[in-house]
Amino acid sequence: MEIRKKIIFETIILSIILALLSFVIINNILIIQNNFSYLDNELIPSMTILKDIRSIASNILVSTLEFSIVEEEITPSGNDEASKSNQKLTEVITDIDLSKSQFDEMSSLYKKQAASINMLSIEKIEQRWQEFELLSDKFIEYKKRGISGDELIKIKDEFRDSKDSLFKEIDLAIIFNEEKIQEKRNAVEELVRNTTILIFTILIICISTIVIIRYHILKSILIPILKLRKTVQEIAKGDFRARIDVSQNDEMGELLTDINQMAQDLESAQKELLKHEKISNIGMLAARMAHDILNPLSNIKIGAEYLRSRIKREEKEIKTLDIIDRAVDRISFQVQDVLNFVKTDSLEITKASLLELLKQVIKNQTIPETVNYTLPENDIKVFCDYKKIEVVFINLLRNSIDAINAQGTIKVRFIDLGDKVRIEFEDSGKGVSEEHKTRIFEPLFTTKQKGTGLGLTSVKTIIEQHGGSITFSNNPTVFSIILPKNQHEKQ
């Protein structure tokens, strides 16, 4: 996986984890808020109302007992004392009535507040309250009427039992509400605890994910960098065969592949440099030898011409002199190939007629009568080095003659391309095999027994000096040159 994709994947994973964490936290906060809202708005107010109801019931109990005590203390002899007692009884009765109205209010408020919660308990409390209220009124009525004895004791016992039943129901409701409150508190505590654990778990997963992804990213970077450093050090020491084992398909893998390609290019360049250095050394030696060879060849050529002029026209001697002439020409041509290859002179640009140049080359060459050649009908003038382009034409012409074994057809064409010209040498030979096509312009490569392997190399070098190019194709065999017309006009 590419490093960029790994980082994007990491970002997506972290975004999902953070989104999940945020959702969990927000959801749990809402649940906690709902539970607290339920506690604050329903359970706790209901608990407060129940406690108020219990307090009201206690007030009625106290007031009823207080009425009984005050009633017993009233004596008919003291008018002032009787008046105070009656006033006290009135206050007690008022407190009882007030407590009754308060109970009605608390009961209605509880029903509204608690809705369906504890509805059974409040109905039982109301039933017990009605019994308790009725017995309280009856007990006070008995005391007002002065009833005593078994009837008073009976109603007093019933009032006490009613009080116990009422308080029992209220206490049960309070306990039930306390359990509900505690249940909600436990639920909130459990939710907070689970939320905390979940947050820590998600954070651990998040951190672990970051560590794992970062580890793979660093691994995909650091290990290749170490390999790269080692290979670069080997290349710096001159070992251009050093290569990096590429096992990943990402940006670092592409970089390592590029480094391997660079090392391969450097290795090829080194081989090419060594090759050129050897060729240069050989060329310098060959140039010296060529000059040493050309002088004796000139003497042999002059001697042969002298003998040709002195001897009688006998067929045997003439054939021998012809053989000498052809041998001298062949050796001279091969020596000239070497000299053309090793020369690195700068171009001497002049305006030249390609057709005149071609005709001059054909005039100076010995072309067998069995070779038919066709010259261009048009002429194109270009700025070029006359002598070097002459060498190009000579080499291509002799190459075509050799390709057809001095029997066949050679066609030369000039094609005007505007600011360039295409020069084509076509022959009727069988062409070059596929395995040799890519090597025909290499130095010292030749398929001829008598060739030097430098002719086409010199042609390519000269054409490239002129800013042109040369290509080769089979069926038919054609050497095609693209040459600028005016590239060197200002020189």
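Me: Before we start, what do buried, partly exposed and exposed mean here?
Reply: Buried means under 20% relative accessible area, exposed means over 50%, and partly exposed is in between. Keep in mind that this is a predicted model.

Me: Ok, so is Asn-475 buried or exposed?
Reply: Asn-475 counts as exposed, because its relative accessibility is 72% and the cut-off for exposed is over 50%.

Me: Where does Asn-475 lie?
Reply: Asn-475 is in the loop between strand 6 and strand 7. Those strands cover 469-473 and 477-484, and Pro-476 is found in that loop too.

Me: What about the peptide bond from Asn-475 to Pro-476, cis or trans?
Reply: That bond is cis, with omega near -5°. Most peptide bonds are trans.

Me: And what's the phi of Asn-475?
Reply: Asn-475 has a positive phi of about 55°, although it isn't a glycine. Most residues other than glycine have a negative phi.

Me: What phi does Ala-406 have?
Reply: Ala-406 has a positive phi of about 60°, and it's not a glycine either. You'll find Ala-406 in the loop between helix 8 (386-403) and strand 4 (408-416).

Me: New topic: which residues make the nonpolar surface patch?
Reply: Phe-200, Leu-203, Ile-204, Ile-207 and Val-211 make that patch, which is about 500 Å².

Me: Where's Leu-203, and how accessible is it?
Reply: Leu-203 is in helix 4, residues 150-236. With 35% relative accessibility, Leu-203 counts as partly exposed.

Note on methods
Residues numbered from 1 in each chain as written. Predicted model: local features only at pLDDT ≥ 70, side-chain atom pairs only at ≥ 80, totals over all residues. Heavy atoms only, no water. Patch = residues over 30% accessible without salt bridge, like charges linked within 9 Å, V, L, I, M, F, W, Y side chains within 5 Å. Areas by Shrake-Rupley, 256 points an atom, 1.4 Å probe, with all protein chains shown as cover. Salt bridge = Lys/Arg side-chain N within 4 Å of Asp/Glu carboxyl O. Helix = DSSP H or I, 4+ residues; strand = E, 2+ residues; numbered from the N terminus. Buried < 20%, exposed > 50% of the residue type's maximum accessible area, 1.4 Å probe, protein only.
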